[in-house]
Amino acid sequence: MRNPTARRVQLATITGTALLAVTALTACGSNAAAATKPSSQEIAALFDQWNTALQGDPEGVAELYAEKGILLPTLSPVVRTNREEIKEYFEKDFLPKKPSGTITESHVLVIDENSAAHSGNYTFTVNGKDGARTKVPARFTYVYEKIDGKWLIVEHHSSAVPAS
């Protein structure tokens, strides 16, 4: 595979803009060294972090979301559009059911060094209305952004799997 930095230098030299070539080389060199794309495994592991947080308090779960994160939750028709509303959902609607999730199908898309998406299917085991543990199959999409060095959820959509 050809070196993209070398190609930029070559193209800039051909057009007679040596200054542009030096600028492109410097910018590409510094960005390439500092910015590394996360692995698919690193992004997939963010679900485990979130799932573990469900065993704690609502504040701990909400802190995994960006300040203006969006949540389209599984067990509520109300869209949450900030961390405080997200915390309220987990506090009142989800954590009291003692949820535990297991991913059954996983697809990770690494967009760049600061953004990625994770989609698929998961099954939650929750306390039902009668107190018995019930399985809830659902689909999910998490969109992550690296903010101040930390991966945060900027959008999370979870919906029950439709009947076939």
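Phe47, Trp50, Tyr65, Tyr89, Phe90, Phe94, Tyr122, Phe124, Phe140, Tyr142 and Tyr144 make up one aromatic cluster. The model described here is predicted. It holds 16 aromatic pairs in total.

**Two ring pairs**

A pair of aromatic rings is described by the distance of the centres and the angle of the planes. Planes over 60 degrees apart count as edge-to-face. Two of the pairs are set out below.

| Pair | Distance of centres | Angle of planes | Type |
|---|---|---|---|
| Tyr89 and Phe90 | 5.1 Å | 70° | edge-to-face |
| Phe94 and Phe124 | 5.3 Å | 75° | edge-to-face |

The planes of Phe94 and Phe124 stand at 75°, so this pair is edge-to-face. The pair links distant parts of the chain, 30 residues apart: Phe94 belongs to helix H5 (residues 83–94) and Phe124 to strand S3 (residues 115–127). Both Phe94 and Phe124 are buried. Tyr89 and Phe90 are buried as well.

**The nonpolar core**

In soluble globular proteins, nonpolar side chains tend to be buried together. In this model, the largest nonpolar core contains 26 residues. Trp50, Leu54, Val61, Tyr65, Phe90 and Tyr142 have the most contacts inside this core. Two or more residues each come from helix H3 (40–53), strand S1 (65–72), H5, S3, strand S4 (133–147) and strand S5 (150–160). H3 gives the largest share, five residues.

Tyr142 belongs to both the aromatic cluster and the core. Leaving aside neighbours within four places in sequence, Tyr142 is in contact with Phe47, Trp50, Ala116, Ala117, His118, Tyr122, Ile153, Glu155 and His156.

**Helix H3**

From its first C-alpha to its last, the 14 residues of H3 reach 21 Å, close to the 20 Å expected at 1.5 Å a residue. The buried residues of H3 are Ile43, Leu46, Phe47, Trp50, Asn51 and Ala53. Seen down the helix axis, the buried residues of H3 fall within an arc of 165°, so they line one face of the helix. Gln41 and Thr52, on the other side of H3, are exposed. An α-helix has 3.6 residues a turn, so residues three or four places apart point the same way.

**Strands S2 and S3**

Strand S2 (residues 100–112) and S3 run antiparallel and are joined by eleven bridges. One of the residues bridged to S3 is His107, whose partner there is Ser119. The hairpin that joins S2 to S3 passes through two residues.

Notes: Residues numbered from 1 in each chain as written. Predicted model: local features only at pLDDT ≥ 70, side-chain atom pairs only at ≥ 80, totals over all residues. Heavy atoms only, no water. Phe/Tyr/Trp six-rings, centres within 6.5 Å; stacked < 30°, edge-to-face > 60°. Buried < 20%, exposed > 50% of the residue type's maximum accessible area, 1.4 Å probe, protein only. Helix = DSSP H or I, 4+ residues; strand = E, 2+ residues; numbered from the N terminus. Core = buried A, V, L, I, M, F, W, Y, C linked by side-chain atoms within 4.5 Å. Contact = heavy atoms within 4.5 Å. Expected span 1.5 Å × (residues − 1). Arc of directions from axis to C-beta. Pairing = 2+ DSSP bridges.
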